Amino acid sequence: MGGRAAVLGRPVSHSLSPLLHRAAYAALGLDGWTYDALDIGAEDLPVLLAGLGPEWRGFSVTMPCKQAAVEVADEVDQLPRLLHAANTLVRTDRGWRAENTDVQGVGMALQLGGVEQVDHAAVLGAGGTAAAAVTALASLGARRIDVVVREPARARDLLRVIDELGVTADVQRLDRTGTVAAPVVVSTVPVAGQSAVADLAWWRGQTVLDVLYAGWPTPLAQRVQEAGGATISGLEVLFWQATAQVELMTGLPAPIAAMRAALDA
């Protein structure tokens, strides 16, 4: 029997997840498997999951459904429990298990971008992706993480995660005229906030991962490059979190070469 999977969120029409997962299924010989994009909000998730048949094997979960995925899951893995955000739902004998492969995606993107170890880093933004970013940075050795946000009060959940990781946090208000002092930076700022972070004073030697990938290079990436810094595209995060999702949903090793070829094409 074939399997069904999909990406959930709103909006999802721009998502490249179908491209990656379908390429994986083809390379693995899973001819009966399909992968779709379902435009739903967080409030729709419980009803959707309750009405699904056994052919549904898993979901990639994007905004605004990542927190809801944790709340409706029958089992919650350690990472999504810590982050209170899941980007993956996998069918098990007990129901739906919430997983988070964003941490692996950010970690792999940073390492392949030349960041094998870091002591001091910064994260721009304070949402679910920022929580995954601080976890990945902590795994690479970060002992101090600057949290740069427009409204410091919104960083409460992120600071809880940082505290549980045993990392020191310094909350800074986003100021267009300011400088991010950390040598490694992960920006989780959405498209609407790009101008504010692009205008910061970037400097030679910094490495900046922008989790956005549409319209690359983003305004932020362009400014960092102009300043002599190195940039990493969010496409790498998307790619590596997707390879982990394929393995969770199918139980087979991800065909990395085939998925990379599909993305490059």
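Q: Before we look at the sheets, when do two strands count as paired?
A: Two strands pair if DSSP finds at least two bridges between them. The model discussed here is a predicted one.

Q: Which strands form the parallel sheet, and in what order?
A: This open sheet has six strands, ordered β9-β8-β7-β10-β11-β12, and its pairing is parallel. Its edge strands are β9 (168-173) and β12 (230-233), each of which pairs on one side only. On average, neighbouring strands in this sheet are turned by 20° against each other, direction ignored.

Q: How many bridges link β7 and β8?
A: Five bridges link them, in the parallel sense. In this part of the sheet, Val123 stands opposite Val147 in β8.

Q: Which strands does α6 touch?
A: Helix α6 packs on the sheet and touches β7, β8 and β10. The direction of α6 makes about 170° with that of β7. Helix α10 lies across β11 and β12, running at about 40° to β12.

Q: And the sheet with mixed pairing, what is its strand order?
A: The order is β2-β1-β3-β5-β6-β4, again an open sheet of six strands. The edges are β2 (34-39) and β4 (75-76), each pairing on one side only.

Q: Are β5 and β6 parallel or antiparallel?
A: Strand β5 (residues 88-92) and strand β6 (residues 95-99) are antiparallel, with five bridges between them. Thr88 stands opposite Glu99 in β6.

Q: What does α1 touch there?
A: Helix α1 (residues 17-28) packs on the sheet, in contact with β1 (4-9), β2 and β3 (56-61). Its direction makes about 165° with that of β2.

Q: Changing topic: which residues have the most contacts inside the largest nonpolar core?
A: They are Leu83, Leu110, Val118, Leu137 and Leu209, in a core of 35 residues. Elements giving two or more residues to this core include α5 (102-112), β7 (120-124), β8 (144-149) and α7 (156-164). Helix α6 gives the most, with eight residues.

Q: What does Leu209 touch?
A: Leaving aside residues up to four places away in sequence, Leu209 touches Val106, Ala109, Leu110, Val185, Val186, Ser187, Ile232, Ser233, Gly234 and Val237.

Q: Now the backbone. Is the bond from Arg10 to Pro11 cis or trans?
A: The peptide bond from Arg10 to Pro11 is cis, with omega near 0°. Pro11 is in the loop between β1 and α1.

Q: What about the bond from Trp216 to Pro217, cis or trans?
A: The peptide bond from Trp216 to Pro217 is cis, with omega near 0°. Pro217 lies in the loop between β11 (207-210) and α9 (219-226).

Q: Last one: what is the phi of His84, and where is this residue found?
A: His84 has a positive phi of about 50° although it is not a glycine. His84 is found in the loop between α4 (78-83) and β5. At 28% relative accessibility, His84 counts as partly exposed.

Definitions and conventions: Residues are numbered from 1 along each chain as its sequence is written. This is a predicted model: local features need pLDDT of at least 70, side-chain atom pairs count only at pLDDT 80 or more; totals for chains, interfaces and linings use all residues. Side-chain values use heavy atoms; hydrogens and water are left out. Helices (H or I, at least four residues) and strands (E, at least two) are DSSP runs, numbered from the N terminus. Contact means heavy atoms within 4.5 Å. Axes are lines fitted to C-alpha atoms, for helices over the stretch in contact, and angles run from 0 to 180 degrees between N-to-C directions. Buried means under 20% relative accessible area, exposed over 50%, partly exposed in between (1.4 Å probe, protein chains only). A nonpolar core is a set of buried Ala, Val, Leu, Ile, Met, Phe, Trp, Tyr and Cys residues joined through side-chain atoms within 4.5 Å.
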